[in-house]
Amino acid sequence: MASSTGCSFPNSAGHCVDAPCVLTCDVEGAMIQDEATGAVVYTDKTAEADFETALDACPYNIPRKQKDGNMFSKCDMCLDRVQNGLLPACVQTCPTGAMQFGDREDILAKAEEALEAAKKKWPKATLVDKDDVRVIYLCAYDPKDYYEHVTADASPNMPLNRRTLFATLAKPFKVLGG
């Protein structure tokens, strides 16, 4: 999607630090967060989950429902590749080297360095939602000029809509009831 600044924006998962979709999922084990990478991944149980609740919980509007079934899809950080010592495909093939992958603290330090350099040319440059997500974007312009969901509140204290609130409250009862 092009913006008024002429910029486009990738629409992939942010892999939230405290993923609202995982926290509110109505089926235990349908959405999990990999302990080593923080990647939010869907499992075979996702077909049993309520897609609308997952979509409502995602402040970035990321999950997609496959047209030919009930499975959800989104970037899974190429977890299978990472677990085998490889880089995610997008990082491996990035022609400019702009995409990085590694330890969160190292990536945050690199992002801060890149931001300092970018601000020399674009004084309003910013790192988007760096405290809430693992996929961090450096935007030269106002993030809202890129894509409507580039920035959002993915913090654990984000306000819940009615559906997500009730799904969260009902979750313990569904586990108890089977």
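**View 1. Overall fold of the predicted chain.** Along the sequence, the protein chain runs in the order α-β-β-α-β-β-α-α-α-β-β-α. Its secondary structure amounts to 6 helices and 6 strands; helices (H or I, at least four residues) and strands (E, at least two) are DSSP runs, numbered from the N terminus. This is a predicted model, in which local features need pLDDT of at least 70 and side-chain atom pairs count only at pLDDT 80 or more, while totals for chains, interfaces and linings use all residues. Residues are numbered from 1 along each chain as its sequence is written, and side-chain values use heavy atoms, with hydrogens and water left out. Of the 178 residues in the protein chain, 39% are buried; buried means under 20% relative accessible area, exposed over 50%, and partly exposed in between (1.4 Å probe, protein chains only). Among contacts in the protein chain with a separation of 6 or more, 51% come from residues 24 or more positions apart. Contact here means heavy atoms within 4.5 Å.

**View 2. The largest nonpolar core, around M31 and F72**. This core has 20 residues, and M31 and F72 have the most contacts inside it. Two or more residues each are given to this core by helix 1 (20-24), strand 2 (40-42) and helix 2 (51-57). Helix 2 gives the most, with 3 residues. A nonpolar core is a set of buried Ala, Val, Leu, Ile, Met, Phe, Trp, Tyr and Cys residues joined through side-chain atoms within 4.5 Å. With neighbours within four places in sequence left aside, M31 is in contact with C21, V22, C25, V41, Y42, A54 and F72.

**View 3. H15, in the segment before helix 1**. H15 has a relative accessible area of 2% and is therefore buried. Its side chain reaches the backbone nitrogen of V40 at 2.9 Å. Such a polar contact is a pair of N or O atoms within 3.5 Å; within protein, one must be able to donate a hydrogen and the other to accept it, and residues adjacent in sequence count only if both atoms are side-chain atoms. Not counting residues up to four places away in sequence, H15 touches G38, A39, V40, K74, C75, D76, M77, V133, R134 and V135.

View 4. I107, L108, A111, L115 and A118 of helix 5 are buried. Seen down the helix axis, the buried residues of helix 5 fall within an arc of 95°, so they line one face; the arc is that of the directions from the helix axis to the C-beta atoms. These buried residues pack against strand 5 (126-128) and strand 6 (137-139). On the face turned away from the buried side, helix 5 carries the exposed residues E105, E113, E116 and K120. D103 caps the N-terminal end of helix 5, with a side-chain oxygen 3.2 Å from the backbone nitrogen of E105.

**View 5. A118 in helix 5**. A118 has 9% relative accessibility and so counts as buried. Leaving aside neighbours within four places in sequence, A118 is in contact with A125 and L138. A118 and A140 are 22 residues apart in sequence, and their C-alpha atoms are 7.1 Å apart in space.

**View 6. Cysteines C75, C78 and C90**. The count of disulfides is 0, a disulfide being a pair of cysteine sulfur atoms within 2.5 Å. C75 is in no disulfide, and the nearest cysteine sulfur, that of C90, is 6.2 Å away. For C90, the closest cysteine sulfur is in C78, at 6.2 Å, too far for a bond. C75 is partly exposed at 31% relative accessibility, and C90 is partly exposed at 38%.

**View 7. Positive phi at C78 and D129**. Most residues other than glycine have a negative phi. C78, a residue other than glycine, has a positive phi near 45°. The place of C78 is the loop between strand 4 (72-73) and helix 3 (79-83), and at 19% relative accessibility C78 counts as buried. D129 is not a glycine either, and its phi is positive at about 50°. D129 lies in the loop between strand 5 and strand 6 and counts as buried at 15% relative accessibility.
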